[in-house]
Amino acid sequence: MEKILEARHLRKVFQAGSREPLLAVDDVSFAVGAGEKVALIGESGSGKSTVAKLITRLLAVTDGQIFLDGEEITRARGMKLKQAYRKMQMVFQSPVDSFDPRCTLGDGIAESLRNHGYAKAEAGAETARLMELCGLRPELSDCYPYEVSGGQCQRAAIARALAIRPKLLILDEATSALDVTVQAEIMSLLNRLQRELSMSYLFICHDIALVQDFCDRVLVMHNGRIVEEGTADEVIRHPQKKYTQMLIDSVL
Amino acid sequence: MNEVSVRAPKISRDRLKKKLYFFSLVAALLILAAFFSEYLCPYDPYAQDMSLAKAAPSAQHLLGTDRYGRDMLSRVIAGSFTSIFSTLALVGFITVLGTIIGVFCAWAGKWIDTVLMRLADMFLAFPGLVFALAVAAVLGGGVHNAIFALAAISWPKYARLARSQTLAQQELPYMQAVRMAGSSPLKIIRKHVLPNIAGPILVTAMLDIGTMMIELAGLSFLGLGAKPPIPEWGSMMSDTRNLLATQPWVTLAPGFAIFLSVMIFNLLGDTVRDWLDPKNRR
Ligand SMILES: Nc1ncnc2c1ncn2[C@@H]1O[C@H](COP(=O)(O)OP(=O)(O)OP(=O)(O)O)[C@@H](O)[C@H]1O
Ligand SMILES: [Mg+2]
């Protein structure tokens, strides 16, 4: 299978002033194939979000290499990084904080469209379409992030990430604030996009049932390392490591 | 019980709003009056009439006349133009300049940031008015040079504020989302950073109007600002200061004009600050 994303030996050390340096990600290697849905699970603080921010270049790696669609983007800047973001988008863990408090949700979603050559009217129409796709009333596009519920904001964040049709979507706890029905809608939307556009997902999640349902492959993180890896059924039904077993038991 | 605790903040917000409208209106009227001051003067502020020199206040000359027989009321009104607009120009200039430098420093980082901020520290370390005096003395008098001298010592405050506010914005999670949307740094600054940091900078600028007016008047008083016979409140006070014992009104009139304007702008600044204070939100 063709690889859309490959991470090789990623390491991230947080060095904050006089505090002990913190090794948040330690020698993490994995790949996401085109059209593949990969889950990243692990206890809180195991470094999942940090991995997401490393591969999206929002944090600089301490060591390692990142390849997106065959091109190395470990040190990409400017135009090259913008091109990379055309192929890779992310839904952030805290949806409300991921919108500028002084911009409406509609503006937030339209921003990447505008940056990629849509005219204002086109971007507006496309924004309305995306919001509907994600189950949001179009009136909400004039609301500010603090005026809507966490779940609505999360759907807006998903709409924003889908706007420029990336090949790879990274979802960091993207459905945690949604109730079960809305979550099912979003998952079926993601499934449809995966079939139609052969999108790939890196799915960071605490919900083991959802992972089993939705994902092809699972990576298990513990203390900044990937400790187990396999197909969703294998890992969840027959975990090899005690830690994975504990993780699964604790949520099921 | 419940009702009180729910309504109390709202009432104070309403009162704040009224206060804000009131002081904005007063300040706007003052600025407007200054702009049209030429047409508001009962007499020509430059016309000398020695036969009327040093007249006491009367029905014809409400504030009396100065030692050249010029109508003081007209001169105070005409003086508002220079005093108020040079202050506004100065505050506008340092706000824009300081903000640009501060945002640039925060964005550029590295050695550019270090160099510019050390420079700002240097300017901040000088005793303000003394430095302005030196600059004005080197450049010679005149309103423009007085503005320039005060601008030279006042921009660092704004640069520091804009820089720290920008750095704080850069740390916020939404910045990552905006970067991923592919926005260029210029667009991020224009669309996201500036609107988010405008509040505190604007409040500082509003509260600075009063201070700057006094400092400009101070430079003029010392003969380093507006040159006579151009009416300007600071230089008018200096002009007439030896009449203080015999005809206090000629000195006190421009002094009172300064006092009143400074007070209006300070009250407006205070109100705007309260208005934007997140604690008073909703
Ligand atoms: N900017 C930062 N500076 C310093 N340390 C950080 C920073 N971001 C994360 N860390 C640390 O790195 C470790 C991993 O954090 P990370 O956010 O990746 O965890 P996570 O797996 O996403 O957890 P959660 O499930 O709670 O979101 C934590 O110990 C955290 O304290
Ligand atoms: Mg996380």
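User: In this predicted model, does A:Cys143 count as buried or exposed?

Analyst: Buried means under 20% relative accessible area. A:Cys143 has 19% relative accessibility. That value falls under the cut-off, so A:Cys143 counts as buried.

User: How many disulfides does the structure hold, over all chains?

Analyst: A disulfide is a covalent bond between the sulfur atoms of two cysteines. Over all chains, the count of disulfides is 0.

User: Which cysteine has the sulfur nearest to that of A:Cys143, and how far away is it?

Analyst: A pair of cysteine sulfur atoms must lie within 2.5 Å to count as a disulfide. A:Cys143 is in no disulfide. Its nearest cysteine sulfur belongs to A:Cys153, at 10 Å.

User: What is the relative accessible area of B:Cys105?

Analyst: The cut-off for buried is under 20%. B:Cys105 is buried, and its relative accessible area is 0%.

User: Which residues come nearest to ligand 1?

Analyst: There are 13 residues around ligand 1. By class, 3 of the shell residues are nonpolar, 8 are polar and 2 are charged. The nearest are A:Ser44, A:Lys48, A:Ser49, A:Thr50 and A:Gln93.

User: How far does a polar side-chain atom of A:Gln93 lie from an oxygen atom of ligand 1?

Analyst: Take the other polar contacts alongside it. A backbone N or O atom of A:Gly47 lies 3.0 Å from a ligand 1 oxygen. For a polar side-chain atom of A:Lys48, the distance to a ligand 1 oxygen is 2.8 Å. For a polar side-chain atom of A:Gln93, it is 2.7 Å.

User: What share of the area of ligand 1 does the protein bury?

Analyst: Start with the ligand by itself. Taken alone, ligand 1 exposes 640 Å². Of that, the protein buries 63%.

User: Which element gives the most residues to the shell around ligand 1?

Analyst: In chain A, strand E2 (22-33) and helix H1 (48-55) are the elements that give two or more residues to this shell. The top contribution is 3 residues, and it comes from H1(A).

User: Why is H1(A) largely enclosed by the rest of the structure?

Analyst: Look at the helix residue by residue. The buried ones are A:Lys48, A:Thr50, A:Val51, A:Ala52, A:Leu54 and A:Ile55. H1(A) is largely enclosed because its buried residues number 6 of 8.

User: Which residue takes a positive phi just after H1(A)?

Analyst: The phi angle there is about 65 degrees. The residue is A:Arg57.

User: What separates the C-alpha atoms of A:Leu10 and A:Thr62?

Analyst: A:Leu10 sits in strand E1 (residues 3-14) of chain A. A:Leu10 is buried, at 0% relative accessible area. A:Thr62 is 52 residues from A:Leu10 along the chain. Their C-alpha atoms are separated by 7.6 Å.

User: How many helices and strands does chain B have?

Analyst: Chain B reads α-α-α-α-α-α-α-α-α-α along the sequence. Of its 282 residues, 44% count as buried. The tally is 10 helices and 0 strands.

User: How far apart are the end C-alpha atoms of residues 246-269 of chain B?

Analyst: An unreviewed UniProt entry annotates "transmembrane region" at several spans of chain B, including 129-153 and 246-269. Residues 129-153 are 88% helix, with end C-alpha atoms 8 Å apart. Residues 246-269 are 92% helix, and their end C-alpha atoms are 37 Å apart.

Conventions: Residues are numbered from 1 along each chain as its sequence is written. Chains are lettered from A and ligands numbered from 1 in the order in which they are written. This is a predicted model: local features need pLDDT of at least 70, side-chain atom pairs count only at pLDDT 80 or more; totals for chains, interfaces and linings use all residues. Side-chain values use heavy atoms; hydrogens and water are left out. UniProt positions are given in the numbering used here, feature names are shortened, and annotations may be inferred rather than shown by experiment. Helices (H or I, at least four residues) and strands (E, at least two) are DSSP runs, numbered from the N terminus. A residue is near a molecule or strand if one of its heavy atoms lies within 4 Å of it. A polar contact is a pair of N or O atoms within 3.5 Å; within protein, one must be able to donate a hydrogen and the other to accept it, and residues adjacent in sequence count only if both atoms are side-chain atoms. Accessible areas come from the Shrake-Rupley method with a 1.4 Å probe; for residues, only the protein chains shown count as cover. Ala, Val, Leu, Ile, Met, Phe, Trp, Tyr, Cys and Pro count as nonpolar, Asp, Glu, Lys and Arg as charged, and the others, Gly among them, as polar. Buried means under 20% relative accessible area, exposed over 50%, partly exposed in between (1.4 Å probe, protein chains only).
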